[in-house]
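Here are a few friendly notes to read alongside the structure. Please keep the 3D view open and find each residue as you go.

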Amino acid sequence: MTGKQETMWRVEADHGACMGTGICAGVAPHRFQVVDGRSVPPAGPFPAEEDVLDAVESCPMEALRVLDAVSGEVLELS
């Protein structure tokens with residue numbers, strides 16, 4: 001039996017660049033939170049979600065990036 005494998009992502013935050021605006025948490029509150037003035041993305045891999053891309057693209061400091069959880073490659077955002 002073959003099944004479709006779900007795409008899994010990871011998110012990394014550059015805490016030196018993060019200004020803690022909270023935009024990411026506003027766009028995808030189930031995946032991001034702001035703690036001590038810095039964005040805290042999900043701790044581990046999670047299924048690909050469009051709102052996570054929206055949150056990452058909305059970061060005014062470009063402090064977030066999405067990676068393929070298997071290959072580790074950074075996703076190119078539009």
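**Notes on the inside of the model**

1. Let's begin with the lining of the largest cavity: sorted by class, ten of its residues are nonpolar, four are polar and none is charged. Please keep in mind that this is a predicted model.

2. How many cavities of 30 Å³ or more does the structure hold? There is one. The volume of the largest cavity is about 100 Å³. Its lining has 14 residues, and those closest to the centre are Cys18, Thr21, Cys24, Ser39 and Cys59.

3. Now pick out Cys24, which sits in helix H1, residues 23-27. Is Cys24 buried or exposed? Cys24 has a relative accessible area of 7%, and buried means under 20%, so Cys24 counts as buried.

4. Next, look at what surrounds Cys24. Setting aside neighbours within four places in sequence, Cys24 is in contact with Pro29, Phe32, Ser39, Ala55 and Leu64. Try the distance to Val34 as well: Cys24 and Val34 are ten residues apart in sequence, and their C-alpha atoms are 8.6 Å apart in space.

5. Then turn to the largest nonpolar core, which has 17 residues. Those touching the most other members are Trp9, Val11, Phe32, Val52, Val56, Leu64 and Val66. Strand E1 (8-13), H1, helix H2 (50-58) and strand E5 (64-68) each give two or more residues to this core. H2 provides the largest share, four residues.

6. Finally, Trp9 is worth a look of its own. Not counting residues up to four places away in sequence, Trp9 touches several residues, including Pro45, Phe46, Val52, Leu53, Val66 and Leu75.

Technical notes. Residues numbered from 1 in each chain as written. Predicted model: local features only at pLDDT ≥ 70, side-chain atom pairs only at ≥ 80, totals over all residues. Heavy atoms only, no water. Buried < 20%, exposed > 50% of the residue type's maximum accessible area, 1.4 Å probe, protein only. Contact = heavy atoms within 4.5 Å. 1 Å grid on protein atoms, 1.4 Å probe; cavity = no way out; pocket = protein on both sides within 12 Å on 5 of 7 lines; lining within 4 Å. Points joined across faces, edges and corners; volume = space filled by probe spheres on them. Nonpolar A, V, L, I, M, F, W, Y, C, P; charged D, E, K, R; others polar. Core = buried A, V, L, I, M, F, W, Y, C linked by side-chain atoms within 4.5 Å.
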